[in-house]
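This report covers a pocket and a helix pair. The structure comes first.

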Amino acid sequence: FEQSNSSFKSLKVVLMAQHKTKGSLIVRTPATTDLDGLSRIAFQALRDFHTTHGVPLIISNIEECKQIVLSYLQDPAVYGAVAGVDNRITGGAFLIERDDIRSIIGLAVDPKYQNRGIGKKVIEILVDKAMQSQNCRSIRLAFVETGNLQFLSILSSLGFRPQETVFVLSGSPVVSYSGPIEVREMSDQDVSTCDAMHTEVLGISRKNDLIHCLDRMFAARPYIAIDTVSKEFVGYSTSFSYHGHTVTRDIETFKAMYTVAAGMMISQNITPRVAILGRLYPQLLSWCLREAHLKIERVCHYMVLGYYKPPQLYVYSPSWDY
């Protein structure tokens, strides 16, 4: 981590000490036999937040939730922490360890056991696990809801800072595109070029995540953009969905890529979504709302512990990982 070494060492000592407390609370790594319990808690947490705050559900049903949780349980690049009280699963979350930036996703706590420090305990253990790696430069949570004050308090107390505000929008643009940008599906041969662009933008490689995006079985697919006049590679998206991130050479390319890809997705009955960093790209956010007529689904904080380089040179749109 590119912050004070002494402060991080102190934090790590505190976290390791806290792992031994809490009485009957036990936190362990999950197994596939935890699938039903973890999925139940995760979907219930999403549904309760949807009911309370009126935001759309990220996951539409329990079966979709099980599919995602199972993919994490079976992924060797994902480390999980599941909490239990009296042999009952009460919470959990996952740490993605594919590249030098780690991300924490999926924190959920059983409503019957909330306000007992379970969520904080799980996050502490995942932070401690990430900090044990020499390669970890940063830990991130990209889509922390602005209305989730308790979660924001936990993250802030552990040293996370809100670096950006993320506007998540959905829909197909009412405008059309007929310019020189060609959009096609990403292939294995495109990974190195995409990673070079990502590294230039964020100062860090994302190669393993790009490879994973090609292999995963989500309906929304990864795309690249080519300027047919200059024959140059001008951008990519690992999918215009909660799961995907996007990098393009400029705002106009981003508009073109999203417009074309959204049309392809709508034809397959897939809802296109995009995350805009409002502070960095106010013009793009304005286009999404005024011209494309997209709808804001949620507003989130982009929380970071450790290294953070604001995207430069190109346009960057985060996934729910980072």
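## Pocket lining

By class, the lining of the largest pocket has 32 nonpolar, twelve polar and five charged residues. Here Ala, Val, Leu, Ile, Met, Phe, Trp, Tyr, Cys and Pro count as nonpolar, Asp, Glu, Lys and Arg as charged, and the others, Gly among them, as polar. The model is predicted: local features need pLDDT of at least 70, side-chain atom pairs count only at pLDDT 80 or more, and totals for chains, interfaces and linings use all residues. Residues are numbered from 1 along each chain as its sequence is written, and side-chain values use heavy atoms, without hydrogens and water.

Helix 2 gives the most to this lining, with ten residues. Helices (H or I, at least four residues) are DSSP runs, numbered from the N terminus.

## Pocket volume

The volume of the largest pocket is about 1200 Å³ (the space filled by probe spheres set on grid points joined across faces, edges and corners). Of its 49 lining residues, the closest to the centre are Ala45, Leu107, Ala108, Asn148 and Phe151. On a 1 Å grid over the protein atoms alone, a pocket is an open set of points where a 1.4 Å probe fits, with protein on both sides within 12 Å along at least five of seven lines; lining residues have an atom within 4 Å of a point.

## Helices 8 and 9

Helix 8 (residues 251-266) and helix 9 (residues 282-290) pack at about 30°, axes 10 Å apart. Axes are lines fitted to C-alpha atoms over the stretch in contact, and angles run from 0 to 180 degrees between N-to-C directions. Helix 8 is therefore roughly parallel to helix 9 (under 35 degrees).

Conventions: Helix = DSSP H or I, 4+ residues; strand = E, 2+ residues; numbered from the N terminus. Parallel < 35°, antiparallel > 145°, perpendicular 65-115°, else oblique.
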